[in-house]
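Thanks for coming. Please have a look at it before I start.

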Amino acid sequence: MQFSEANGPWRAIPGWVDFLIKSGSAWGDTIPNGRRIGLISMPCESAAAGLVALGAMRHRLAIDGANDSLSHFRRIEQLATRRDVETFLRHDSYRGRFRLESKDQSGLLWVRTETVRMAILPSNVHGWTLDGEAPVQASQGAELPHRDFYEELMHDAGKPILSNFGHSDSGTCLAGRVAGESVSKSLFAGVRFQCRDYVADLSCLLTIQDWSPGTISRVAFFNARTGRLDRNTGLTRLVVADGHSAFLKVIEAAEFRNSNVVGVIHRAVDRDKLEAIGVKIENLAQWYAADNDMQERIQPAPTGITTLALRRR
Amino acid sequence: MAVTASQVFDFLDRHPSCSIQRYEIHSAVFGALRRNIRTIVARLNEGDDDDSKEVAASLRMRLSEWLTVPVSFDGAMLESVYSLGDAKAVEARWGREVRLAYDLACLAARKIQDAENPARTQIRDMIRHLRSEGREWRIYCHPRARIHFESIFPDAPLEAGAFLHSVRDYRDVQPFDALIKVGPLRSRGWGSAPDAVLSAPRFETLVQIVWSGCPNEDDFGYDPVSERVGAEAATGPVPIAEQGVVHRAVTWIQNVIRVGDPSDTIGTPEGDELRFFYELSRASEMRRATLVQIDEQDGILYPPHSQVATFDAAPSIDEPISYRLPGETLTEGMFVIWPLLGAADLGALQAGEGHYSHIWKKRLREEFRYTPNDLLRRLKEDGIELKNLRSCVRQWCRPASTVIHAPQQRRHFETLIRVLAIDHDASGSSSRALRRPWWEYAWSEIGHARGEAIQSGMQEHEIIDEQLFAILHDRLPEIQRNAQMQDVFQVEIPSDKPLKGAVRFYRVLSIEEGFLVPDTILKMICDLDTIEQWRV
């Protein structure tokens with residue numbers, strides 16, 4: 001596996017990249033027995049948040065059943081009970097947008113266009129996709145590409161499970177820069193991996209719906225600028241926040257109150273921004289204690305990177 | 001090209017420890033000047049008299065500059081002390097103690113001109129040495145300090161890329177050998193530098209040239225995640241921020257070299273004027289602010305967390321017109337949107353000399369041209385005790401650019417107009433039709449150009465902005481065209497719209513934190529010279 005940044009020469013994966021991917025994997029591996037909050041402090045601007053998210057995604061690829069399939073029907077059921085918003089779905093075979101209706105008296109879920117009305121059943125739910133979101137399950141032949149990349153990224157981790165390449169997963173979420181989604185994306189696009197003769201950049205490997213449309217997505221995206229989550233499944237276990245402002249937003253966001261959060265910041269910013277993070281850490285101290293187990297798992301950090309791990313008391 | 005993370009980590013791998021060469025300059029004469037100016041500032045600040053505080057603020061600004069910038073030891077220092085007035089006037093106004101300090105400061109300011117500023121000597125020697133060794137070096141300083149560094153090398157100009165002026169410059173720089181920094185390491189205010197200089201070095205050696213008695217800020221190099229650089233061993237409970245930390249920051253080895261006159265006794269922490277001034281400004285009712293520089297001479301100060309109406313000319317941006325946070329979502333190169341609502345005719349890209357400004361500026365220019373000393377004397381006698389009054393008046397004479405240049409304080413403007421003896425008759429207007437004094441109309445005109453109308457609650461911000469944004473969205477192609485070609489431009493609001501007037505767009509040249517300012521100056525266009533006094 002080779003690595004290149006900003007069109008630089010190909011080289012072996014450097015220590016800092018390896019550290020961030022492994023940290024992401026470790027953070028993705030936490031048992032949900034108390035919310036965890038982490039911070040990774042970088043000495044410079046980088047694609048570090050994307051690499052941490054990639055590590056967390058890679059970890060979940062190796063977990064059997066780590067996908068949104070089981071909850072998909074339940075989520076549509078819940079949306080059908082909401083009167084405040086209209087929900088539209090698309091089907092992988094039928095054209096058009098279908099409006100979701102309330103359950104009927106027999107408990108069936110219906111969707112309709114102007115001309116057609118159809119029932120959604122647990123047995124056929126995977127053919128239905130919420131409008132604007134990634135399909136929950138890929139159609140035959142449309143599974144995720146770059147499988148070798150994910151496998152090679154972490155030799156010593158469990159092998160990815162094949163079926164996961166065909167299912168979306170919202171267990172990991174990336175919160176983009178508050179300056180805008182495009183800022184995060186362009187930084188990640190500059191980080192490339194080469195596996196055998198193939199090249200893929202980080203923005204592709206993260207499989208974020210808007211960046212790689214038309215296939216399943218294994219990392220949800222939270223736009224820290226607009227506050228929009230690209231799919232609110234309620235299944236997010238880990239949010240990786242890109243930058244100090246995104247971290248401060250995510251930590252307070254209702255969508256993520258039960259999710260673990262890792263903020264990736266860098267230190268080449270004004271003091272006010274650093275202090276905002278420091279104040280937040282001090283405030284969290286009322287409810288959180290040092291998570292020494294996690295801290296040990298992610299060490300040693302390369303020179304220039306500092307880390308902090310906290311766990312709810 | 002901006003530095004990549006790989007380059008930074010490769011550098012850190014090669015340099016797990018870095019060094020600080022701290023050249024600590026001692027000078028008995030400069031020490032005396034510092035001590036006595038500090039005494040004057042402290043005494044002038046004790047009273048309730050606004051004029052005295054203004055004089056103190058000017059002196060504070062001067063001394064802060066001398067401590068953090070390699071200025072020439074020339075007559076300007078003496079002139080700064082003389083700005084208080086003559087010795088008798090000083091004693092009559094502020095008492096015996098201030099008079100004594102004034103005399104001693106004058107003496108020192110005269111004597112100091114006998115030799116070159118040793119900070120300049122050190123910089124010259126250091127850069128010659130670095131050049132001869134073929135090493136890569138940079139200077140970190142405020143953009144306005146650059147000229148002083150350049151003046152050290154009249155025959156061998158410094159390279160354009162030799163200067164770093166902001167955290168953004170520092171963030172983008174490729175690793176190099178040595179960073180030259182004058183003054184203590186502080187995160188805010190005069191001589192400030194990014195904490196990353198210590199917490200994320202891009203260089204092997206920090207060459208720090210500092211006056212004695214100017215220690216670095218205790219927690220400079222702050223990293224919220226790691227143990228603080230130089231923190232002493234905790235004897236009490238360990239703060240939570242440090243409990244879960246493994247600190248892998250670079251190790252710093254400091255070497256202090258004492259330079260100059262050993263009889264200087266100011267080298268104690270008590271002699272730290274920068275800290276003393278910071279505490280003085282904290283004691284007053286000031287608010288933290290961020291400076292958004294909009295042209296070479298003007299800027300706008302915004303309080304923390306301000307949502308500023310802005311335009312981003314970058315292609316394919318989702319919301320080109322939007323509220324943004326200075327330094328965060330509002331960055332250099334974007335445009336500040338500055339409504340001039342209800343403005344009758346303020347000209348194209350200039351504030352323009354409106355009806356009133358045209359009259360008083362013409363009178364002022366005449367008086368300043370033919371009887372400058374008499375004018376300055378009368379202004380002083382009538383209560384304008386500004387330091388460098390001469391340069392202030394020169395500034396007020398300038399034709400309008402971004403704003404109508406005029407005194408910042410309403411009281412000073414009233415005095416100016418009184419001294420110029422302008423009233424309704426003189427201006428040719430009918431005094432019967434005008435119920436307020438002439439100067440008030442002229443002051444309103446100035447305020448309008450500064451954007452005070454927007455700030456004074458004359459309009460409801462959000463409603464106005466909502467309507468304004470809708471109008472601007474309709475004119476987006478025109479705005480984008482202008483933004484490609486100009487740093488400042490103006491878009492007229494069509495006459496059929498509910499809002500009347502125009503909207504000016506200023507390209508953001510820089511954004512800088514570290515100011516403590518009075519409320520009255522926030523969100524107004526103000527000249528950078530004036531703004532300097534509020535730098536912490």
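At roughly what angle do the axes of helix 5 and helix 6 of chain B cross, and within what distance do they come? This is a predicted model, so please keep that in mind throughout. In chain B, helix 5 covers residues 87-94 and helix 6 covers residues 96-111; their axes cross at roughly 150° and come within 7 Å. That makes the two helices of chain B roughly antiparallel, since the cut-off for that word is an angle over 145 degrees. The crossing of helix 5 and helix 6 of chain B is right-handed.

As for the residues, helix 5 of chain B brings Ala87(B), Val90(B), Glu91(B) and Trp94(B).

Now chain A. Helix 1 of chain A, residues 15-28, and helix 2 of chain A, residues 48-61, have axes that come within 6 Å and cross at roughly 50°. Helix 1 and helix 2 of chain A are therefore oblique to each other. Their crossing is right-handed. Among the residues that meet here are Leu20(A), Ile21(A) and Trp27(A) from helix 1 of chain A, and Leu51(A), Leu54(A) and His59(A) from helix 2 of chain A. This contact has 10 nonpolar, six polar and three charged residues.

Back to chain B as a whole. The chain has 536 residues, of which 43% are buried, and contains 22 helices and 16 strands. Of its contacts with a separation of 6 or more, 75% are between residues 24 or more positions apart.

Last, helix 1 of chain B, residues 5-14. Which of its residues are buried? They are Ala5(B), Ser6(B), Val8(B), Phe9(B), Phe11(B) and Leu12(B). These buried residues pack against strand 1 and helix 1 of chain A. That helix of chain A is the one that also meets helix 2 of chain A.

Definitions and conventions. Residues numbered from 1 in each chain as written. Chains lettered and ligands numbered in written order. Predicted model: local features only at pLDDT ≥ 70, side-chain atom pairs only at ≥ 80, totals over all residues. Helix = DSSP H or I, 4+ residues; strand = E, 2+ residues; numbered from the N terminus. Buried ≥ 20, exposed ≤ 12 C-beta atoms within 10 Å, placed from the backbone. Contact = placed C-beta atoms within 7 Å. Axes fitted to C-alpha atoms, helices over the stretch in contact; angles between N-to-C directions. Parallel < 35°, antiparallel > 145°, perpendicular 65-115°, else oblique. Left-handed = near helix turned anticlockwise from the far one by under 90°. Nonpolar A, V, L, I, M, F, W, Y, C, P; charged D, E, K, R; others polar.
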